[in-house]
Amino acid sequence: MRRSWLPAAALLAFLGGASPKAPAVKDPGAECGKRPVMNELEVGNRIIGGRDAQLGAWPWQVSLQICHPHIREYRHVCGGSLINNNLVLTAAHCIKNYRDPDIWRAVIGLHHLYKDNSYTVKRQVKAILIHSDFQLGTYDNDVALFKLVTFVKYNPYIQPICLPETSLLSDETPCYISGWGKTKENGQGEHILQEAQVDIIPLSICNKFDWYGGAISWNMICAGSESGKVDSCQGDSGGPLVCYFPNVTKYYLIGITSAGIGCGRPKYPGLYVRTVKYRSWIDSHLLNKTISVSIQFVLLFLIAGRMMLHTIL
Ligand code: 4AZ
């Protein structure tokens, strides 16, 4: 009688081992859009140009890196934003010809690009999901998701960002960009994570004939400054444009760094994917995860139930 339980136990252990290492439950402290190591009362100070971010200032910031076969080293390619404990939202154009998830890794909790700290977490990539309507020519629908092989445990330096459900912006909302990208159009990337406060520029201005001349759709946001002194650049792509909402004391991912004509040019601000427009696309992939986990559990209980019945009869 006791021996007959062994196959069921073995099956349970097998299925348990096949599932992700950490449970798919919310970590304690997994509330989105919070910066545990920062004092939010300081938010709202004007920043001219970029500056070094403080360690833990943008805990959802991810560095997406490719392993180059010749040098056998990972190199930063794009930014990303952690939206839950195994999904990173980024720009589709970052993937270009590198569609194989095996050559990528996601590094989270990073400050200096090439110096880990004790909170840094590195994860291999299980799958890359690119928006099916992404247009390389126009950068329309420049959205992609990286699914990580194993779950990430949150800590004060690793936190998920909130996704907006409705358009929340007002003129007073302070918004920020962050990344390890170039600090000049023809310059080089930075090793320390850079941050800058940006103005959200209305499309009525951004689409003026001597600006982008009508090329910018409602799927995009223009942000930076009219003078061009604050901007994102190559290497920042895929990274976050976040805004702080004092009424809920949380940051929301308003945009994904996508494109622009040059960097820091007057009247050509940075272009960001308007995240709220892709909420259902993102949710459909979150839903896939929930459904597959549920199916796994239903199957598990069916098999275990059958085995128990078999044992009893
Ligand atoms: C890029 O090449 C890129 N100035 C990112 C942002 C901007 C321009 C180019 C915006 O990834």
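## Largest pocket

The lining of the largest pocket has 15 nonpolar, 15 polar and four charged residues. This comes from a predicted model. The volume of the largest pocket is about 640 Å³. Its lining counts 34 residues, and V77, C233, Q234, G235 and S237 are the closest to the pocket centre.

## Ligand site

Where does the ligand sit? The ligand sits in the largest pocket. Around the ligand are H93, D231, S232, C233, Q234, S237, A259, G260, G262, C263 and G270. This shell divides into three nonpolar, seven polar and one charged residues.

C233, Q234 and S237 belong to the ligand shell. C233, Q234 and S237 are also among the residues closest to the centre of the largest pocket.

How much of the ligand does the protein bury? Taken alone, the ligand exposes 310 Å². The protein buries 86% of that area.

## Enclosed space

How many cavities of 30 Å³ or more does a search of the whole structure find? The search finds one. The largest cavity holds about 90 Å³ of space. Its lining is made of 13 residues, and those closest to the cavity centre are G56, W58, G109, L110 and L193.

By class, eight residues of the cavity lining are nonpolar and five are polar. The cavity lining has no charged residues. The lining of the largest pocket, by contrast, includes four charged residues.

Technical notes
Residues are numbered from 1 along each chain as its sequence is written. This is a predicted model: local features need pLDDT of at least 70, side-chain atom pairs count only at pLDDT 80 or more; totals for chains, interfaces and linings use all residues. Side-chain values use heavy atoms; hydrogens and water are left out. A residue is near a molecule or strand if one of its heavy atoms lies within 4 Å of it. Accessible areas come from the Shrake-Rupley method with a 1.4 Å probe; for residues, only the protein chains shown count as cover. On a 1 Å grid over the protein atoms alone, a cavity is a set of points where a 1.4 Å probe fits but cannot get out, and a pocket is an open set with protein on both sides within 12 Å along at least five of seven lines; lining residues have an atom within 4 Å of a point. A molecule sits in a cavity or pocket if more than half of its atoms lie within 2 Å of its grid points. Ala, Val, Leu, Ile, Met, Phe, Trp, Tyr, Cys and Pro count as nonpolar, Asp, Glu, Lys and Arg as charged, and the others, Gly among them, as polar. Grid points are joined across faces, edges and corners, and a volume is the space filled by probe spheres set on the points.
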